[in-house]
Amino acid sequence: MATIKEIAELAGVSRGTVDRVLNGRGSVSEQTARKVLDIARALQYRPNRAGIVLAARKRNLKIGVVLFDNGNPFFDEVLKGVEKKAQELADYNCTVQISRVGFDLNAQLSALDRLVKDGACGLILTPYNDPRIRDKINELDAAGIPVITTNTDIQNSARLAYVGCDFYRSGQAAAGLMHLIGKPPIRAGIITGSSRVLCHTDRIAGFQDQIGTLYPDIRILETRENSDDEFESYSGTLAMLQDHPDLNALYFAAGGVYGGCRAILAAGRTDITVISCDNVLTTRELLLSGVIDATICQQPSVQGSLPLELLFTYLTTAQKPAREYNYTSIDIRIRENA
């Protein structure tokens, strides 16, 4: 195993300089820091755990977390993962500050600015998919404040890593399930959250592409957004059922599953094949009662805890995550394993 002394000799600097680079403290030129980090990675340097604890306690770290909050109970499960990991990190003198906002660009930007002003040295974010959020992430990275995205990603940004589902594959799985369960000819509707959230659009892209490639028996009649809101989902789903009497399948590609299913029951359309996402309490009840045929899960607690673990390690050791994309498992539930 490589030592700080070996890294210092190869880099032509003092052990104190290596220590400052690896622990993110003190003034070191960008060129020297890059050289030290490159050598440390090449030698697969792994810091002593006691050293991590000591470095963290000296730094008094603060990490900010920004999650969506649109009444979607899925994010309550993500929050539990955050809170559990935050309790562990408190032993290392690391505090975690949490902010929850809706699908609102300005609210998310304000939350990020507020957390940075409060002293956050790293951020976890479920990003609203907008160029201004991407630019903000790039700005934070340039200022030495790393960002890890969770649950949903944002393209062409300088974020350190992503933790969450491979949503395109999740959409493909939904298409396969609908093909297996649905009654042909399948006439499907899609209820989604927001076209400004990448995970929602990725799910739909996977669903549509898989249908176009393998399942010509499925025809998509309409897609509607509900902002992950149960009331919007109820009214939008009811309107879709009224506008398309031949519709016999629904794919809920985001939140609002309970409201949408209540509309199905109100319309007396229990013949509809329903594929949903996640396994929150209300979804599980609808699965057990037979309203939902299958739901596709994505380990919300991992999406809360793993980003904090990765970011804490990076802040204390300068060790980047081993993988840029840290995908959770795609877990399919039916009534029998709900």
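## Cysteines, crossing helices and salt bridges

Cysteine 94 is a buried residue, with a relative accessibility of 2%. The structure you are looking at is a predicted model. Cysteine 199 is in no disulfide either, its nearest cysteine sulfur being that of cysteine 165 at 8.7 Å.Across the whole structure, the search finds 0 disulfides.

Next, the start of the chain. Helix α1 (residues 4–11) and helix α2 (residues 15–22) have axes that come within 8 Å and cross at roughly 105 degrees, so the two helices are roughly perpendicular to each other. Where they meet, α1 contributes Ile4, Lys5, Ile7 and Ala8, while α2 contributes Arg15, Val18, Asp19 and Leu22. This contact is made up of 5 nonpolar residues, 3 charged ones and no polar ones.

Now to the charged pairs. Side chains of opposite charge can pair when their charged atoms come close. The structure holds 16 salt bridges, including these:

| Salt bridge | Closest N to O distance |
|---|---|
| Arginine 100 and aspartate 76 | 3.1 Å |
| Lysine 85 and glutamate 88 | 3.0 Å |

Arginine 100 sits in strand β2 (residues 95–101) and aspartate 76 in helix α5 (residues 74–89), so their pairing ties together parts 24 residues apart in sequence. Arginine 100 is partly exposed, at 24%, and so is aspartate 76, at 36%. Lysine 85 and glutamate 88 are both in helix α5, 3 residues apart, or about one turn of the helix. Here lysine 85 is buried at 12% relative accessibility, whereas glutamate 88 is partly exposed at 37%. Aspartate 153 and arginine 159 are both buried. Shared partners also link Asp69, Asp76 and Arg100 into one salt-bridge network.

How values were computed: Residues are numbered from 1 along each chain as its sequence is written. This is a predicted model: local features need pLDDT of at least 70, side-chain atom pairs count only at pLDDT 80 or more; totals for chains, interfaces and linings use all residues. Side-chain values use heavy atoms; hydrogens and water are left out. A disulfide is a pair of cysteine sulfur atoms within 2.5 Å. Buried means under 20% relative accessible area, exposed over 50%, partly exposed in between (1.4 Å probe, protein chains only). Axes are lines fitted to C-alpha atoms, for helices over the stretch in contact, and angles run from 0 to 180 degrees between N-to-C directions. Helices (H or I, at least four residues) and strands (E, at least two) are DSSP runs, numbered from the N terminus. Angles under 35 degrees count as roughly parallel, over 145 as roughly antiparallel, 65 to 115 as roughly perpendicular and the rest as oblique. Contact means heavy atoms within 4.5 Å. Ala, Val, Leu, Ile, Met, Phe, Trp, Tyr, Cys and Pro count as nonpolar, Asp, Glu, Lys and Arg as charged, and the others, Gly among them, as polar. A salt bridge is a side-chain nitrogen of Lys or Arg within 4 Å of a carboxyl oxygen of Asp or Glu.
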